[in-house]
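Please open the model in your viewer and keep the selection tool at hand. The stops below say what to select next and what is to be found there.

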Amino acid sequence: MDPMKEFFLFLSRQKSLHKMLSSSGPFCVITRRFVSGDTIEEGVKASKELNQKGVMVSLDCLGESVLDEKMADAVVQEYLKIMEHIKDEEAFKISVSLKLTQLGLDIGKELCLKNLRQILQKAKDYGKLVTIDMEDTPYTDRTIDIYKSMLAEGFKGTGIVIQSYLRRTESDIRNMLPLGPRVRLCKGAYKEPATVAFPDKKDVDKNYLNILSILLSKEALGYGTYPEVASHDEKIINWTLDYVKKNNIAHDKFEFQMLYGIRRDLQEKLAKQGYRIRAYVPYGTHCYPYFMRRLAERPANVLFMAKNMLYR
Ligand code: FDA
(Lines give C-alpha, C1' and ligand atoms only; values in the text may rest on other atoms or scores of the structure.)
Protein backbone atom coordinates (compact mmCIF):
# COMPACT_ATOMS: atom_id res chain seq x y z
CA MET A 1 0.00 0.00 0.00
CA ASP A 2 1.12 3.56 -0.76
CA PRO A 3 2.89 4.79 2.44
CA MET A 4 0.95 8.10 2.41
CA LYS A 5 -2.33 6.21 2.11
CA GLU A 6 -1.24 3.95 4.96
CA PHE A 7 -0.29 7.00 7.06
CA PHE A 8 -3.70 8.69 6.67
CA LEU A 9 -5.55 5.43 7.34
CA PHE A 10 -3.43 5.07 10.49
CA LEU A 11 -4.38 8.63 11.51
CA SER A 12 -8.06 7.90 10.82
CA ARG A 13 -8.00 5.35 13.67
CA GLN A 14 -6.33 7.61 16.26
CA LYS A 15 -9.04 8.26 18.85
CA SER A 16 -7.10 10.97 20.77
CA LEU A 17 -6.58 13.04 17.59
CA HIS A 18 -10.24 12.47 16.73
CA LYS A 19 -11.29 13.86 20.13
CA MET A 20 -8.94 16.81 19.94
CA LEU A 21 -9.68 17.87 16.35
CA SER A 22 -13.43 17.27 16.30
CA SER A 23 -13.97 20.22 18.64
CA SER A 24 -11.51 22.46 16.78
CA GLY A 25 -13.09 25.24 14.70
CA PRO A 26 -10.22 25.53 12.15
CA PHE A 27 -10.26 21.76 11.57
CA CYS A 28 -14.01 21.82 10.84
CA VAL A 29 -13.43 24.64 8.33
CA ILE A 30 -10.78 22.56 6.49
CA THR A 31 -13.15 19.61 6.18
CA ARG A 32 -15.78 21.69 4.38
CA ARG A 33 -14.56 20.45 1.02
CA PHE A 34 -15.95 17.00 1.88
CA VAL A 35 -18.46 17.72 4.68
CA SER A 36 -21.52 19.88 4.03
CA GLY A 37 -21.77 21.41 7.52
CA ASP A 38 -22.31 20.67 11.20
CA THR A 39 -26.10 20.56 11.32
CA ILE A 40 -29.08 18.84 9.66
CA GLU A 41 -30.11 22.23 8.27
CA GLU A 42 -26.76 22.63 6.51
CA GLY A 43 -26.87 19.05 5.21
CA VAL A 44 -30.41 19.50 3.86
CA LYS A 45 -29.53 22.87 2.30
CA ALA A 46 -26.53 21.33 0.47
CA SER A 47 -28.76 18.44 -0.63
CA LYS A 48 -31.42 20.73 -2.10
CA GLU A 49 -28.75 22.72 -3.95
CA LEU A 50 -27.50 19.50 -5.53
CA ASN A 51 -31.07 18.44 -6.35
CA GLN A 52 -31.48 21.69 -8.29
CA LYS A 53 -28.51 20.67 -10.44
CA GLY A 54 -30.14 17.32 -11.17
CA VAL A 55 -27.97 15.44 -8.64
CA MET A 56 -29.82 13.21 -6.16
CA VAL A 57 -28.48 12.83 -2.63
CA SER A 58 -27.86 10.30 0.11
CA LEU A 59 -27.66 12.30 3.32
CA ASP A 60 -25.41 10.96 6.08
CA CYS A 61 -25.03 12.06 9.69
CA LEU A 62 -21.34 11.43 10.37
CA GLY A 63 -20.44 9.07 13.18
CA GLU A 64 -19.14 5.57 13.87
CA SER A 65 -17.87 3.32 16.66
CA VAL A 66 -20.49 4.45 19.19
CA LEU A 67 -19.94 2.61 22.49
CA ASP A 68 -22.58 4.26 24.64
CA GLU A 69 -26.25 3.29 24.52
CA LYS A 70 -27.44 6.86 25.09
CA MET A 71 -25.26 8.13 22.25
CA ALA A 72 -26.61 5.44 19.94
CA ASP A 73 -30.13 6.57 20.87
CA ALA A 74 -29.17 10.18 20.12
CA VAL A 75 -28.11 9.00 16.65
CA VAL A 76 -31.51 7.34 16.15
CA GLN A 77 -33.26 10.58 17.17
CA GLU A 78 -31.06 12.51 14.72
CA TYR A 79 -32.03 10.18 11.85
CA LEU A 80 -35.71 10.44 12.79
CA LYS A 81 -35.29 14.22 12.61
CA ILE A 82 -33.67 13.88 9.16
CA MET A 83 -36.75 11.99 8.04
CA GLU A 84 -38.97 14.87 9.20
CA HIS A 85 -36.79 17.31 7.25
CA ILE A 86 -36.94 15.32 4.01
CA LYS A 87 -40.42 13.77 4.15
CA ASP A 88 -41.93 16.29 1.73
CA GLU A 89 -39.12 16.01 -0.83
CA GLU A 90 -39.67 13.86 -3.92
CA ALA A 91 -39.19 10.28 -2.70
CA PHE A 92 -36.10 9.31 -4.67
CA LYS A 93 -34.24 12.65 -4.52
CA ILE A 94 -32.92 12.55 -0.95
CA SER A 95 -32.17 9.19 0.61
CA VAL A 96 -30.20 8.44 3.75
CA SER A 97 -27.01 6.52 4.62
CA LEU A 98 -25.93 5.23 8.02
CA LYS A 99 -23.35 3.03 9.73
CA LEU A 100 -24.29 0.14 12.01
CA THR A 101 -21.53 0.95 14.55
CA GLN A 102 -23.20 4.35 14.86
CA LEU A 103 -26.33 2.53 16.04
CA GLY A 104 -24.51 0.52 18.69
CA LEU A 105 -23.35 -2.63 16.86
CA ASP A 106 -20.27 -2.75 19.13
CA ILE A 107 -22.55 -2.68 22.20
CA GLY A 108 -24.75 -5.49 20.93
CA LYS A 109 -26.49 -6.77 17.81
CA GLU A 110 -29.96 -6.67 19.39
CA LEU A 111 -29.58 -3.02 20.38
CA CYS A 112 -28.36 -2.16 16.90
CA LEU A 113 -31.31 -4.00 15.32
CA LYS A 114 -33.78 -2.22 17.59
CA ASN A 115 -32.28 1.16 16.66
CA LEU A 116 -32.11 0.36 12.97
CA ARG A 117 -35.74 -0.82 12.88
CA GLN A 118 -36.94 2.52 14.28
CA ILE A 119 -35.20 4.40 11.46
CA LEU A 120 -36.27 1.97 8.74
CA GLN A 121 -39.89 2.07 9.93
CA LYS A 122 -39.95 5.87 9.69
CA ALA A 123 -38.27 5.68 6.28
CA LYS A 124 -40.89 3.17 5.15
CA ASP A 125 -43.72 5.39 6.45
CA TYR A 126 -42.33 8.30 4.41
CA GLY A 127 -41.29 6.24 1.36
CA LYS A 128 -37.56 6.97 1.81
CA LEU A 129 -34.55 4.82 0.95
CA VAL A 130 -31.86 3.96 3.50
CA THR A 131 -28.44 2.51 2.66
CA ILE A 132 -26.28 0.70 5.20
CA ASP A 133 -22.63 1.70 4.78
CA MET A 134 -19.98 -1.01 4.90
CA GLU A 135 -17.25 -0.62 7.53
CA ASP A 136 -14.08 -2.69 8.00
CA THR A 137 -14.00 -6.49 7.92
CA PRO A 138 -14.80 -7.22 11.59
CA TYR A 139 -18.29 -5.95 10.63
CA THR A 140 -18.78 -7.45 7.16
CA ASP A 141 -20.64 -10.62 8.16
CA ARG A 142 -22.85 -8.84 10.68
CA THR A 143 -23.67 -6.03 8.24
CA ILE A 144 -24.70 -8.47 5.52
CA ASP A 145 -26.74 -10.59 7.98
CA ILE A 146 -28.54 -7.53 9.34
CA TYR A 147 -29.20 -6.25 5.81
CA LYS A 148 -30.73 -9.58 4.78
CA SER A 149 -32.86 -9.75 7.93
CA MET A 150 -34.17 -6.23 7.32
CA LEU A 151 -35.24 -7.22 3.79
CA ALA A 152 -36.91 -10.32 5.24
CA GLU A 153 -38.78 -8.09 7.72
CA GLY A 154 -40.21 -6.13 4.80
CA PHE A 155 -37.95 -3.06 4.77
CA LYS A 156 -37.59 -3.24 1.01
CA GLY A 157 -36.25 0.30 0.67
CA THR A 158 -32.98 -0.75 2.30
CA GLY A 159 -29.70 -0.95 0.40
CA ILE A 160 -26.19 -2.08 1.28
CA VAL A 161 -22.64 -1.07 0.39
CA ILE A 162 -20.29 -3.73 -0.96
CA GLN A 163 -16.51 -3.31 -1.41
CA SER A 164 -14.62 -4.61 -4.44
CA TYR A 165 -11.29 -4.80 -2.56
CA LEU A 166 -12.54 -7.80 -0.57
CA ARG A 167 -11.75 -11.24 -1.92
CA ARG A 168 -15.09 -12.56 -0.59
CA THR A 169 -17.26 -10.03 -2.43
CA GLU A 170 -18.14 -12.05 -5.53
CA SER A 171 -19.46 -14.85 -3.36
CA ASP A 172 -21.39 -12.39 -1.14
CA ILE A 173 -22.99 -10.82 -4.20
CA ARG A 174 -23.93 -14.16 -5.76
CA ASN A 175 -25.59 -15.19 -2.47
CA MET A 176 -27.51 -11.93 -2.27
CA LEU A 177 -28.72 -11.78 -5.90
CA PRO A 178 -32.01 -13.69 -5.48
CA LEU A 179 -33.07 -11.02 -2.94
CA GLY A 180 -32.92 -8.37 -5.68
CA PRO A 181 -30.70 -6.13 -3.56
CA ARG A 182 -29.97 -2.44 -3.98
CA VAL A 183 -26.16 -2.49 -3.95
CA ARG A 184 -23.87 0.50 -3.71
CA LEU A 185 -20.64 -0.91 -5.14
CA CYS A 186 -17.48 0.90 -3.99
CA LYS A 187 -13.80 -0.02 -3.92
CA GLY A 188 -13.39 0.10 -0.12
CA ALA A 189 -11.84 2.72 2.14
CA TYR A 190 -10.33 0.90 5.15
CA LYS A 191 -6.97 -0.68 5.91
CA GLU A 192 -7.32 -4.42 5.45
CA PRO A 193 -4.76 -7.26 5.43
CA ALA A 194 -3.85 -8.93 2.11
CA THR A 195 -5.43 -12.14 3.36
CA VAL A 196 -8.88 -10.59 3.02
CA ALA A 197 -8.41 -7.71 0.54
CA PHE A 198 -6.53 -7.34 -2.75
CA PRO A 199 -3.41 -5.30 -1.97
CA ASP A 200 -2.95 -4.09 -5.59
CA LYS A 201 -5.20 -1.37 -6.94
CA LYS A 202 -5.33 -3.04 -10.37
CA ASP A 203 -6.90 -6.16 -8.80
CA VAL A 204 -9.40 -4.02 -6.86
CA ASP A 205 -10.38 -2.25 -10.11
CA LYS A 206 -10.58 -5.55 -12.01
CA ASN A 207 -12.81 -7.04 -9.31
CA TYR A 208 -14.97 -3.91 -9.37
CA LEU A 209 -15.78 -4.48 -13.05
CA ASN A 210 -16.27 -8.19 -12.43
CA ILE A 211 -18.81 -7.51 -9.65
CA LEU A 212 -20.46 -4.72 -11.63
CA SER A 213 -20.97 -7.01 -14.63
CA ILE A 214 -22.69 -9.49 -12.29
CA LEU A 215 -24.93 -6.74 -10.86
CA LEU A 216 -25.82 -5.51 -14.36
CA SER A 217 -26.44 -9.00 -15.76
CA LYS A 218 -29.89 -9.97 -17.06
CA GLU A 219 -30.18 -12.48 -14.22
CA ALA A 220 -29.48 -9.87 -11.51
CA LEU A 221 -31.73 -7.20 -13.03
CA GLY A 222 -34.40 -9.86 -13.42
CA TYR A 223 -34.35 -10.39 -9.65
CA GLY A 224 -34.86 -6.63 -9.20
CA THR A 225 -31.23 -5.81 -8.33
CA TYR A 226 -30.50 -2.10 -8.47
CA PRO A 227 -26.77 -1.43 -9.03
CA GLU A 228 -25.29 1.82 -7.72
CA VAL A 229 -21.93 2.55 -9.31
CA ALA A 230 -20.20 4.41 -6.46
CA SER A 231 -16.89 5.57 -7.93
CA HIS A 232 -15.14 8.66 -9.28
CA ASP A 233 -12.96 6.49 -11.52
CA GLU A 234 -13.59 7.59 -15.12
CA LYS A 235 -12.49 4.19 -16.45
CA ILE A 236 -15.26 2.56 -14.43
CA ILE A 237 -17.82 5.19 -15.36
CA ASN A 238 -17.00 4.92 -19.09
CA TRP A 239 -17.07 1.14 -18.90
CA THR A 240 -20.57 1.36 -17.34
CA LEU A 241 -21.77 3.81 -19.99
CA ASP A 242 -20.57 1.46 -22.76
CA TYR A 243 -22.03 -1.61 -21.07
CA VAL A 244 -25.51 -0.16 -20.53
CA LYS A 245 -25.62 1.14 -24.11
CA LYS A 246 -24.54 -2.19 -25.61
CA ASN A 247 -27.01 -4.12 -23.45
CA ASN A 248 -29.92 -1.69 -23.77
CA ILE A 249 -30.18 -1.18 -20.03
CA ALA A 250 -32.56 1.69 -19.29
CA HIS A 251 -31.34 4.75 -17.37
CA ASP A 252 -33.67 4.03 -14.45
CA LYS A 253 -32.24 0.55 -13.81
CA PHE A 254 -29.01 1.78 -12.19
CA GLU A 255 -27.33 4.93 -10.94
CA PHE A 256 -23.93 6.54 -10.50
CA GLN A 257 -22.85 7.78 -7.10
CA MET A 258 -20.01 10.02 -5.90
CA LEU A 259 -18.96 11.69 -2.68
CA TYR A 260 -19.84 15.29 -1.84
CA GLY A 261 -17.12 17.65 -3.05
CA ILE A 262 -15.39 15.14 -5.34
CA ARG A 263 -15.62 15.41 -9.15
CA ARG A 264 -18.52 17.87 -9.02
CA ASP A 265 -17.88 18.50 -12.75
CA LEU A 266 -18.49 14.85 -13.56
CA GLN A 267 -21.56 14.67 -11.31
CA GLU A 268 -23.18 17.56 -13.15
CA LYS A 269 -22.12 16.27 -16.58
CA LEU A 270 -23.77 12.87 -15.96
CA ALA A 271 -26.92 14.61 -14.68
CA LYS A 272 -27.06 16.76 -17.82
CA GLN A 273 -26.68 13.64 -19.98
CA GLY A 274 -29.80 12.25 -18.32
CA TYR A 275 -28.17 9.63 -16.09
CA ARG A 276 -29.18 9.10 -12.49
CA ILE A 277 -26.40 10.42 -10.27
CA ARG A 278 -26.43 10.66 -6.48
CA ALA A 279 -23.97 12.42 -4.17
CA TYR A 280 -23.24 11.11 -0.68
CA VAL A 281 -23.61 14.23 1.47
CA PRO A 282 -22.23 13.96 5.00
CA TYR A 283 -22.78 16.47 7.77
CA GLY A 284 -21.96 16.60 11.47
CA THR A 285 -19.10 17.25 13.84
CA HIS A 286 -17.80 13.64 13.90
CA CYS A 287 -15.97 14.27 10.68
CA TYR A 288 -12.41 13.25 11.63
CA PRO A 289 -12.25 9.57 10.45
CA TYR A 290 -14.32 10.32 7.33
CA PHE A 291 -12.06 13.24 6.43
CA MET A 292 -8.86 11.20 6.99
CA ARG A 293 -10.15 8.43 4.72
CA ARG A 294 -10.72 11.04 1.99
CA LEU A 295 -7.12 12.21 2.39
CA ALA A 296 -5.94 8.60 2.25
CA GLU A 297 -7.68 8.11 -1.09
CA ARG A 298 -5.88 11.08 -2.56
CA PRO A 299 -3.00 12.44 -0.46
CA ALA A 300 -2.66 15.28 -3.03
CA ASN A 301 -5.77 16.71 -1.30
CA VAL A 302 -3.48 17.84 1.51
CA LEU A 303 -1.50 20.10 -0.85
CA PHE A 304 -4.71 21.32 -2.46
CA MET A 305 -6.13 22.31 0.92
CA ALA A 306 -2.91 23.88 2.15
CA LYS A 307 -2.86 26.09 -0.98
CA ASN A 308 -6.51 27.03 -0.47
CA MET A 309 -5.85 28.04 3.12
CA LEU A 310 -2.78 30.07 2.15
CA TYR A 311 -4.62 32.02 -0.54
CA ARG A 312 -7.94 32.52 1.28
P1 FDA B 1 -10.04 5.73 -7.08
O2 FDA B 1 -9.59 5.77 -5.66
O3 FDA B 1 -9.31 4.88 -8.05
O4 FDA B 1 -10.12 7.22 -7.60
C5 FDA B 1 -10.43 7.55 -8.94
C6 FDA B 1 -10.31 9.05 -9.11
O7 FDA B 1 -11.31 9.69 -8.34
C8 FDA B 1 -9.02 9.66 -8.60
O9 FDA B 1 -8.00 9.60 -9.58
C10 FDA B 1 -9.44 11.08 -8.28
O11 FDA B 1 -9.53 11.84 -9.46
C12 FDA B 1 -10.83 10.88 -7.75
N13 FDA B 1 -10.84 10.72 -6.28
C14 FDA B 1 -11.04 9.58 -5.58
N15 FDA B 1 -11.03 9.83 -4.26
C16 FDA B 1 -10.79 11.15 -4.11
C17 FDA B 1 -10.67 12.01 -3.00
N18 FDA B 1 -10.78 11.55 -1.74
N19 FDA B 1 -10.43 13.32 -3.22
C20 FDA B 1 -10.35 13.81 -4.48
N21 FDA B 1 -10.46 13.04 -5.59
C22 FDA B 1 -10.68 11.72 -5.41
N23 FDA B 1 -16.08 2.93 1.22
C24 FDA B 1 -16.28 1.98 2.18
O25 FDA B 1 -15.36 1.25 2.54
N26 FDA B 1 -17.52 1.84 2.75
C27 FDA B 1 -18.59 2.60 2.36
O28 FDA B 1 -19.68 2.44 2.89
C29 FDA B 1 -18.38 3.58 1.34
N30 FDA B 1 -19.41 4.34 0.89
C31 FDA B 1 -19.24 5.12 -0.25
C32 FDA B 1 -20.33 5.75 -0.84
C33 FDA B 1 -20.17 6.45 -2.04
C34 FDA B 1 -21.35 7.08 -2.67
C35 FDA B 1 -18.88 6.53 -2.64
C36 FDA B 1 -18.68 7.25 -3.95
C37 FDA B 1 -17.79 5.94 -2.03
C38 FDA B 1 -17.95 5.24 -0.84
N39 FDA B 1 -16.86 4.65 -0.21
C40 FDA B 1 -17.09 3.72 0.79
C41 FDA B 1 -15.46 5.05 -0.57
C42 FDA B 1 -14.87 4.13 -1.62
O43 FDA B 1 -14.64 2.86 -1.10
C44 FDA B 1 -13.53 4.68 -2.18
O45 FDA B 1 -12.60 4.75 -1.15
C46 FDA B 1 -13.63 6.05 -2.84
O47 FDA B 1 -14.82 6.18 -3.56
C48 FDA B 1 -12.46 6.25 -3.85
O49 FDA B 1 -12.49 5.28 -4.84
P50 FDA B 1 -12.85 5.54 -6.39
O51 FDA B 1 -13.80 4.47 -6.80
O52 FDA B 1 -13.33 6.91 -6.58
O53 FDA B 1 -11.54 5.24 -7.17
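Begin by selecting strand 1, helix 5 (residues 69–86) and strand 2, which together make a right-handed β-α-β unit; right-handed here means that, with the strands pointing away from the viewer, the path from the first strand over the helix to the second runs clockwise. Helices (H or I, at least four residues) and strands (E, at least two) are DSSP runs, numbered from the N terminus. This is a predicted model, in which local features need pLDDT of at least 70 and side-chain atom pairs count only at pLDDT 80 or more, while totals for chains, interfaces and linings use all residues. Residues are numbered from 1 along each chain as its sequence is written, and side-chain values use heavy atoms, with hydrogens and water left out.

Stay with strand 1 (residues 56–61) and colour it by accessibility: six of its six residues are buried, where buried means under 20% relative accessible area, exposed over 50%, and partly exposed in between (1.4 Å probe, protein chains only). The cover extends to both faces, with Met56, Ser58 and Asp60 on one side and Val57, Leu59 and Cys61 on the other.

Next, display the neighbours of strand 1, bearing in mind that two strands pair if DSSP finds at least two bridges between them. Strand 8 (residues 277–283) pairs with strand 1 in the parallel sense over six bridges, and there Leu59 has Val281 as its bridge partner. Strand 2 (residues 94–98) also runs parallel to strand 1 and is joined to it by four bridges, with Ser95 as the bridge partner of Ser58.

Now select Cys61, at the end of the strand 1 range (residues 56–61). Cys61 counts as buried at 10% relative accessibility, and Cys186 is buried with a relative accessible area of 18%.

Strand 4 (residues 158–163) runs parallel to strand 5 and is joined to it by five bridges, with Arg184 as the bridge partner of Val161.

Turn to the charged side chains. Side chains of opposite charge can pair when their charged atoms come close. A salt bridge is counted when a side-chain nitrogen of Lys or Arg is within 4 Å of a carboxyl oxygen of Asp or Glu, and the structure holds 26 of them. Select Lys99, Asp133, Arg182, Arg184 and Glu228 together, as these residues are linked in a network of salt bridges.

Then move to Glu89 and Lys48, whose side chains meet in a salt bridge at 3.3 Å, N to O. This pair links distant parts of the chain, 41 residues apart, with Glu89 in the loop between helix 5 and strand 2 and Lys48 in helix 4 (residues 40–52). Glu89 counts as partly exposed at 23% relative accessibility, and Lys48 is partly exposed too, with a relative accessible area of 35%.

A further pair to select is Asp172 and Arg168, which meet in a salt bridge at 2.7 Å, N to O. Is Asp172 buried or exposed? At 11% relative accessibility Asp172 counts as buried, whereas Arg168, at 29%, counts as partly exposed.

For the last stop, select helix 13 (residues 288–297), which is largely enclosed by the rest of the structure because nine of its 10 residues are buried. The buried residues include Tyr288, Phe291 and Leu295.
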